[in-house]
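Reader: I have a model on my screen and want to learn how to read it. Can you take me through its features one at a time?

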Amino acid sequence: MSASLSRTRNWNQVCTSRWRLASSAFAFSWSRWNADCGEKRQIVRAAENLTTHPVDEDMWKNHSCEPRKSYTLKCTDDDDEMFDEKVEGTQFHPDIFHCLKEDASSKAHRHSRNTSYTFVIMCP
């Protein structure tokens with residue numbers, strides 16, 4: 001296996017482990033912009049969802065996930081072009097988990113804190 005492929009697989013594992021930490025309070029989906037963003041970045045659609053109902057389309061937000069930073073993007077999957085602009089008033093974060101916490105409701109914070117660790121155990 002090439003070193004580049006190995007790093008990409010490791011990066012993907014790190015991303016998915018952070019999604020698991022937030023998955024009891026958020027729904028996730030792939031963004032249509034992933035095909036255009038390269039191997040060192042993923043665009044993740046996320047929406048707070050504390051119910052069993054499907055997420056309304058207008059609730060989804062795109063987040064840029066890179067090895068050393070994550071942030072909420074202004075662009076949505078409905079835009080005609082992908083543009084790399086951070087939502088005003090938001091910050092850069094070390095990972096998607098902390099990025100999601102910035103905009104999460106207090107109910108989502110409580111829900112995440114009270115989730116059993118067995119919910120987020122990584123599969124081998």
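Author: Start with charged pairs. A salt bridge is a side-chain nitrogen of Lys or Arg within 4 Å of a carboxyl oxygen of Asp or Glu. Lys-74 and Glu-85 form one, with their closest N and O atoms 2.9 Å apart. Both residues lie in the loop between E4 and H2, 11 residues apart.

Reader: What kind of model is this, and how are residues numbered?

Author: This is a predicted model: local features need pLDDT of at least 70, side-chain atom pairs count only at pLDDT 80 or more, and totals for chains, interfaces and linings use all residues. Residues are numbered from 1 along each chain as its sequence is written, and side-chain values use heavy atoms, with hydrogens and water left out.

Reader: Which other residue meets Arg-45 in a salt bridge?

Author: Asp-77, at 3.5 Å, N to O. Asp-77 sits in the loop between strand E4 (70–72) and H2, and Arg-45 in strand E2, so this pair ties together parts that are 32 residues apart in sequence. Asp-77 is buried, at 14% relative accessibility. Elsewhere, Arg-41, Glu-66 and Asp-84 are linked in a network of salt bridges.

Reader: Next, the nonpolar core. What is the rule?

Author: A nonpolar core is a set of buried Ala, Val, Leu, Ile, Met, Phe, Trp, Tyr and Cys residues joined through side-chain atoms within 4.5 Å. The largest one here has 13 residues. Those with the most contacts inside it are Trp-19, Ala-22, Phe-26, Cys-65, Ile-96 and Leu-100. Helix H1 (3–22), strand E2 (42–48) and helix H2 (96–103) each give two or more residues to this core. A second, separate core of six residues includes Trp-33, Cys-37, Ile-43 and Cys-75.

Reader: Which residues does Trp-19 touch?

Author: A contact means heavy atoms within 4.5 Å. Not counting residues up to four places away in sequence, Trp-19 touches Phe-28, Trp-30, Gln-42, Val-44 and Ile-96. For the protein chain, take the contacts with a separation of 6 or more: residues 24 or more positions apart account for 51% of them.

Reader: I see several cysteines. How many disulfides does the structure hold?

Author: A disulfide is a pair of cysteine sulfur atoms within 2.5 Å. The structure holds zero. For Cys-37, the closest cysteine sulfur is in Cys-65, 9.4 Å away, too far for a bond. Cys-37 is buried at 16% relative accessibility. Cys-99 is in no disulfide either; its nearest cysteine sulfur, that of Cys-65, is 7.0 Å away. Cys-99 is buried at 1%.

Reader: Last, the aromatic rings. How is a pair described?

Author: By the distance of the centres and the angle of the planes. Rings of Phe, Tyr and Trp (its six-membered ring) pair if their centres lie within 6.5 Å; planes under 30 degrees apart count as stacked, over 60 as edge-to-face, and the rest as tilted. The count here is one aromatic pair. The rings of Tyr-71 and Phe-92 have centres 5.1 Å apart and planes at 75°, so the pair is edge-to-face. Tyr-71 is in strand E4 and Phe-92 in the loop between E4 and H2, 21 residues apart. Tyr-71 is buried at 4% relative accessibility, whereas Phe-92 is partly exposed at 46%.

Definitions and conventions: Buried < 20%, exposed > 50% of the residue type's maximum accessible area, 1.4 Å probe, protein only. Helix = DSSP H or I, 4+ residues; strand = E, 2+ residues; numbered from the N terminus.
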